Amino acid sequence: MTQTAATAETQDLLRAVTSLREEVAGSTLPLDLPDVAVSQGARTELLRQLDDYVIPRLSSLDAPLLAVVGGSTGAGKSTLVNSLVGSVVSRPGVLRPTTRSPVLVHHPGDEAWFRDARVLPDLARVTGGGATEGESSVRLVSSGTMPAGLAILDAPDIDSVVEHNRDLARQLLSAADLWLFVTTAARYADAVPWDLLRQASERGTSIAVVLDRVPAEALDEIREHLASMLREHGLAAAPIFTIAESRLTQDGLLPDEQINRLRSWLTALAKDVRARAIVVRQTLTGALDSLESRTEILTQASTAQLGATTALLAAADTAYAGAVDGVKQGMTDGALLRGEVLARWQEFVGTGEFFKQVESTVSRARDRLVALVKGQPAPSQDLGEALQSGVSELIRAEAQGAASVTSRTWRTLVGGASLLEVHPDLPRVSPDFEVRVNSLVHDWQGDVLELVRNEGRDRRTTARVTAYGVNAVGTVLILVTFAQTGGLTGAEAGIAGGTAILGQKLLEAIFGDQAVRTLAIKARQALIERVEQLYFEEQGRFRAAVDTVEIRRDQGRRLASAALAVKVAR
């Protein structure tokens, strides 16, 4: 097979179009946004035309002209194709849809152009009657009556009741150098074909119209009306071929006198290299002209997708940052010293009589604590458990709040509701969250004990810590870390205030004023750091959900850049 050597300009354009095709193929629109179906459809149609027409035609400018015969159900497309060829190559019938697998008729010398995947690459090639309904294939028929340089493809009905046939018909029309639109006197004004004709006009596709089954007495009137409709749709240059109502031959073909004008026009087109090139150039130019605006649809859709995922992630960021702030507030507003913790603290230091002696010497408070810790270890353990329970509940409540807030916000954001349907567990904390929280608090208590040990390294401080016990001192440090009275009222505020004073004085007697303040700050920071890591992991469930619909952040820019490169190459 001999091919005309493409110019350097054509090669540059082909490379640019191929690059655009790669960007379109690599683009995704996974998030269920308004109009996403329209954008996905535009992407599919653009990709198909690039694959089925633009790239093959740029690669082989001298390939035979492909005329696709398309139209509505029962318009007589197959009968027309058979009549042009002179034999039955596409079987018509009464049952609808009739044309199941498309039939491509070509001159024997042109077979090589269509046998491989140069054009319609995703359709398998079959010969004879091997194709069955629903197969993605095209049946090749070689006929000596076809002029070299022209191939005719009989497409399924554009309004077929079978969705696969409708989609295939649109795909084949996008692959055409020339669209032979077949309609009838009774159906030429139907809406569906005119939608496709309008699209073809916008893209500059070469079109010829075959008006079939026209009553002889109404031929001029109907032809004139059809011509006016074509002018309204920007298709004034489309030639109209009329076929009067007539009896078919014994072979089921139209009489020669009814199709001679159309056959002669097609034959002349096939033999005239210049005329054929004009048709190809018109359709190819129209297709290339449409690339920028069609790519812009995908660019805008990509921007919308990116904006939606960014908003979803920001909602989760805000909610979990608020949860961390909630833990910080809960650590400093005295809320952790309510109820159970206060009760255990009183057990730890004795009855209310103990608070009456707080203002006396620190040594007396220390002696009382030593006696209690050494003689009654249970209160110390109970206090530690009460503190652990309070901290765990605070962390758990804030995490659940963050999950709930994020989910509620997502339901108000585009794309969020559909993600929650796919991930119904997101509004609740993870199943293992309870275990992870308990582990976190236990590890943090270990951090506090380590702070106590590290601070008490000199001999005198070590002796004091040993006198009270590391665990007891660590428990008091935890309590002092939380001992602020904001948010408490009445008796609780007074008790919490006494708690802070007593604990503070005890620790100052062991470590000194500045050391106690530093220890409390370090203890708080250690807990916050662990909480931030835990919440980051918990928020990861929302990030993972968004990841399933995330697009490349530069997808829109790459599409726009590729479309611009095509424009420059032209």
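**Salt bridges and their surroundings**

Modeller: Start with Lys77, which is buried, as its relative accessible area is 4%. Keep in mind that the model is predicted.

Lys77 has a charged partner, Asp157, and the two form a salt bridge. Their closest N and O atoms are 2.4 Å apart. This pair links distant parts of the chain, 80 residues apart. Lys77 belongs to helix α3, residues 77–85. Asp157 sits in the loop between β5 (150–154) and α5 (163–174). Asp157 also counts as buried, because its relative accessibility of 3% falls under the 20% cut-off. In general, side chains of opposite charge can pair when their charged atoms come close.

Next, the pair of Arg21 and Asp51. Their side chains meet in a salt bridge at 2.7 Å, N to O. Arg21 lies in helix α1 and Asp51 in helix α2, so the bridge ties together parts that are 30 residues apart in sequence. Arg21 is partly exposed, with a relative accessible area of 25%.

Now Arg436 and Asp432. This salt bridge has its closest N and O atoms 3.3 Å apart. Asp432 is partly exposed, at 39% relative accessible area. Elsewhere, salt bridges that share partners join Glu23, Arg552, Asp554, Arg557 and Arg558 into one network. The count for the model comes to 24 salt bridges.

Helices α1 and α2 turn up again at the largest pocket. Each of α1 (8–26), α2 (36–59) and α9 (273–332) supplies at least two residues of its lining. The largest share comes from α9, with eight residues. The pocket has a volume of about 440 Å³. Its lining has 18 residues, and Leu61, Ala277, Val280, Arg281 and Leu284 lie nearest the centre. By class, ten of the lining residues are nonpolar, two are polar and six are charged.

Thr406 is buried, with a relative accessible area of 0%. Beyond its neighbours within four places in sequence, Thr406 is in contact with Ala315, Ala316, Ala319, Tyr320 and Phe542.

To set the pairs side by side:

- Asp157 and Lys77: 2.4 Å between the closest N and O atoms.
- Arg21 and Asp51: 2.7 Å, N to O.
- Arg436 and Asp432: 3.3 Å between the closest N and O atoms.

Definitions and conventions: Residues are numbered from 1 along each chain as its sequence is written. This is a predicted model: local features need pLDDT of at least 70, side-chain atom pairs count only at pLDDT 80 or more; totals for chains, interfaces and linings use all residues. Side-chain values use heavy atoms; hydrogens and water are left out. Buried means under 20% relative accessible area, exposed over 50%, partly exposed in between (1.4 Å probe, protein chains only). Contact means heavy atoms within 4.5 Å. On a 1 Å grid over the protein atoms alone, a cavity is a set of points where a 1.4 Å probe fits but cannot get out, and a pocket is an open set with protein on both sides within 12 Å along at least five of seven lines; lining residues have an atom within 4 Å of a point. Grid points are joined across faces, edges and corners, and a volume is the space filled by probe spheres set on the points. Helices (H or I, at least four residues) and strands (E, at least two) are DSSP runs, numbered from the N terminus. Ala, Val, Leu, Ile, Met, Phe, Trp, Tyr, Cys and Pro count as nonpolar, Asp, Glu, Lys and Arg as charged, and the others, Gly among them, as polar. A salt bridge is a side-chain nitrogen of Lys or Arg within 4 Å of a carboxyl oxygen of Asp or Glu.
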